[in-house]
Amino acid sequence: MPELPEVEYAANRLRQWMLGRLVLRAKAEPTRLLRGQPARRFSQALTGRRLERVERRGKYLLLFFDGNAGLLAHLGMTGKLVRRPTGVAEPFSHARFELEDGFTVHFRDPRKFGRLSAEPADRLFLLPEIAALGPDALLEPPTAESLGERLSRTARPVKVALMDQSVLAGLGNIHAAEALFRARIDPRLRADRLSEEQRRRLAQAIGETIALGLANDEEEEITYVEEGAPNPFLVYGKAGEACPRCGQRLASLTQGGRTTHFCPHCQR
Ligand SMILES: [Zn+2]
């Protein structure tokens, strides 16, 4: 499932594939990705434009085109961007940009939990979902102080608080669990009860887990773990296996409707 590193990867591919190139034709299918916007708004706003700039904030992509055209995109659970020669059909393509260079960039999303919203470029940072984001975990890496200050405002379990995009933007279920494992913190611990030492370890661990996720940025096309890519994580998806640190059995529990993987022995 796309989290910060995968969305950063998507932003880099968009820059590589589309910056400065003319969009001969933009087209979206009328799906729930558009959240009620008419599909023609997408094509009318973006056909004939050139992409000038791509930003990522948390798990959102912000595309700035010339003529004050813009697009807010979210990959949801299964969304990804792929590039194909124009004319080659792409399964689960719900929107696409046909470019002047003979390639088409598709927004592919089998489960359709993603989002595409055509907006004026100068409105993108003002959209409520962007304005509500906390500091971006990559652009403004958390420190013990900044993270501790934000976590001290909530009594929720620390794992749930880390996934709250208004606390820290970019972490999801996988990277929150990975960071807590690296920091040896029980995911059930109340966020406002972390010690100074735990805050320090957690801030460092978040940086490490994101850096690891960014390491695959050379590939032409990303494959998510859920799609069968090798699992590079320490605890995610590994309940029942041996803990890579202490050798005891990893466990899982449900928090905020999501499965948390952790080691009950060395995350205390
Ligand atoms: Zn362990």
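A residue is called buried when its relative accessible area is under 20%, exposed when it is over 50%, and partly exposed in between, using a 1.4 Å probe and protein chains only. The model is predicted, so local features need pLDDT of at least 70 and side-chain atom pairs count only at pLDDT 80 or more, while totals for chains, interfaces and linings use all residues. Residues are numbered from 1 along each chain as its sequence is written, and side-chain values use heavy atoms, leaving out hydrogens and water.

**View 1. Phe-181 in helix H6.** Start with Phe-181, which lies in helix H6; helices are DSSP runs of H or I with at least four residues, strands are runs of E with at least two, and both are numbered from the N terminus. With a relative accessible area of 3%, Phe-181 is buried. Arg-201 is 20 residues away along the chain, and the two C-alpha atoms are separated by 10 Å.

**View 2. The zinc site.** Here the zinc ion has four protein donors, the SG atoms of Cys-243, Cys-246, Cys-263 and Cys-266, at 2.2 to 2.4 Å. Donors are N, O and S atoms within 2.8 Å of the metal (3.2 Å for Na, K and Ca), and sites may look incomplete without water. Cys-246 is partly exposed at 37% relative accessibility, whereas Cys-266 is buried at 17%.

**View 3. The largest pocket.** This pocket holds about 310 Å³ of space. Its lining has 18 residues, and closest to the centre are Glu-6, Asn-216, Val-225, Pro-232 and Phe-233. Helix H6 (173-182) and helix H7 (196-213) each give two or more residues to the lining. A pocket is an open set of points on a 1 Å grid over the protein atoms alone, where a 1.4 Å probe fits, with protein on both sides within 12 Å along at least five of seven lines; lining residues have an atom within 4 Å of a point.

**View 4. The second largest pocket.** About 160 Å³ of space lies here. Among the lining residues are Met-1, Lys-59, His-74 and Arg-258. Domain 1 (4-129) and domain 2 (144-262), with bounds from an automatic or database domain assignment, both contribute to the lining, so this pocket lies between them.

Key:
Grid points are joined across faces, edges and corners, and a volume is the space filled by probe spheres set on the points.
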